[in-house]
Amino acid sequence: MPAFAANLTTMFNEWSFLDRFDAAADAGFAAVEYLFPYEAAPDIIAERLARNDLKQALFNLPPGDWAAGERGIAALPGRFDELTSSVERALDYAAATGVKRLHLMAGLADSNDAEAASSYRRSVAYAAERLAESAIDLLIEPINGRNMPGYFLNDFGAAERLVAELGLANLKLQFDIYHRQILHGDIVMALRRLLPMIGHVQIASVPSRHEPDSEELNYPYLFEEIDRLGYDGFVGCEYSPRGRTLDGLDWFKAFARS
């Protein structure tokens, strides 16, 4: 049975961020993820996880100035020193929360620009090697241009090649089924082929990015396939509920923690 992680950035928005941990646990989730934890102190996040017996599945390294529109800095020339500092900040939170997977956002840059490509490769290699010292996997995720125009890593093939070329044991692919469907389709065959390098899976309906219970994709079949393949990581629920979060959890009832 897939191990689902509630995404506290997109779900349970009826509660304040810290109270979403309690709400997710009450709804039957055993794990959580979110974009960023950095507005709360590491020990406060750790306390919310511990009191709710929740596992921390994933979060992102600092993305630069998110409020100003930045979506990561790894591919941005001239930002490497900031990148190294962001890794250290994320490691403080990793130590407190016990997370074993961190996602490095690439940033907004031309994927055909040689300088951006060089910056990205250097940043990914550095971050993966630094995280390996703490037995943490680094994840990279292709993101579609409809939701994030101009994102540097917008192709699964490019991500696959980079993981293979760098050959770092803790560098993994974040396989967001929503993004995969929009970018390339062919989800099941891609899951089968890429499983050895997949470190995290995320889900949402396509095209609306709501609960995984309708629209283009047959999620019951996909959940069965994920189990059949022997995937033992987390499945992050990075979707925006159609209405109130609890009203949209019928799909999850069979998987909820009692």
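I take helices (H or I, at least four residues) and strands (E, at least two) as DSSP runs, numbered from the N terminus. With that rule I looked up Asp186 and placed it in the loop between helix 6 (177–183) and helix 7 (187–194). Asp186 has a positive phi of about 55°, although it is not a glycine.

**Ground rules**

I am working with a predicted model, where local features need pLDDT of at least 70, side-chain atom pairs count only at pLDDT 80 or more, and totals for chains, interfaces and linings use all residues. Residues are numbered from 1 along each chain as its sequence is written, and side-chain values use heavy atoms, with hydrogens and water left out.

**Whole protein**

I counted eight helices and eight strands in the protein. I then checked the radius of gyration, taken over C-alpha atoms; the globule rule is 2.2 Å times the number of residues to the power 0.38. With 258 residues, a compact globule would have a radius near 18 Å, and the protein has 17 Å, which agrees. The C-alpha atoms fill a box of roughly 50 × 40 × 35 Å along the principal axes.

Next I looked at burial. Buried means under 20% relative accessible area, exposed over 50%, and partly exposed in between (1.4 Å probe, protein chains only). Of the 258 residues, 54% count as buried.

For contacts I use heavy atoms within 4.5 Å. Among contacts between residues at least 6 apart in sequence, 77% join residues at least 24 apart.

Lys and Arg count as positive and Asp and Glu as negative; His and the chain ends are not counted. Each charge is placed at NZ of Lys, CZ of Arg, CG of Asp or CD of Glu. The mean positions of the 24 positive and 38 negative charges are 2 Å apart.

Phe12 is in the loop between strand 1 (3–7) and helix 1 (17–26). Phe12 has a positive phi of about 60°, although it is not a glycine. Most residues other than glycine have a negative phi. Phe12 counts as buried because its relative accessible area is 0%.

In helix 1 I found Arg20, Phe21, Asp22, Ala23, Ala24 and Ala25 buried. Their cover includes strand 1, strand 2 (31–33), helix 2 (42–51) and strand 3 (55–60). Just after helix 1, Gly28 takes a positive phi of about 105°.

Helix 4 covers residues 114–132 and has 19 residues. The expected span of a helix is 1.5 Å times one less than its number of residues. Helix 4 reaches 27 Å from its first C-alpha to its last, close to the 27 Å expected. Its buried residues include Ala116, Tyr120, Val124 and Leu131. Among the elements that cover them are helix 3 (80–97), strand 5 (137–140) and helix 5 (156–166).

Met105 sits in the loop between strand 4 and helix 4. Met105 counts as buried because its relative accessible area is 4%. Met105 and Arg71 are 34 residues apart in sequence, yet their C-alpha atoms are 6.5 Å apart. Leaving out residues up to four places away in sequence, Met105 touches residues including Phe36, Trp66, Arg71, Ile143 and Tyr151.

Ser205 counts as buried because its relative accessible area is 0%. Not counting residues up to four places away in sequence, its contacts include Tyr178, His210, Pro212 and Tyr219. Ser205 and Ile177 are 28 residues apart in sequence and 8.8 Å apart, C-alpha to C-alpha.

Pro207 is also in the loop between strand 7 and helix 8. A cis peptide bond joins Val206 and Pro207, with omega about 15°. Most peptide bonds are trans.

Glu216 lies in the loop between strand 7 (198–203) and helix 8 (219–228). Beyond its neighbours within four places in sequence, Glu216 is in contact with Gln181, Val206 and Pro207.

**Last stop: Glu238**

Glu238 is in the segment after strand 8 (234–237). Glu238 counts as buried because its relative accessibility is 11%. Not counting residues up to four places away in sequence, Glu238 touches residues including Asn7, Glu33, Glu141, Asp176 and Arg209.
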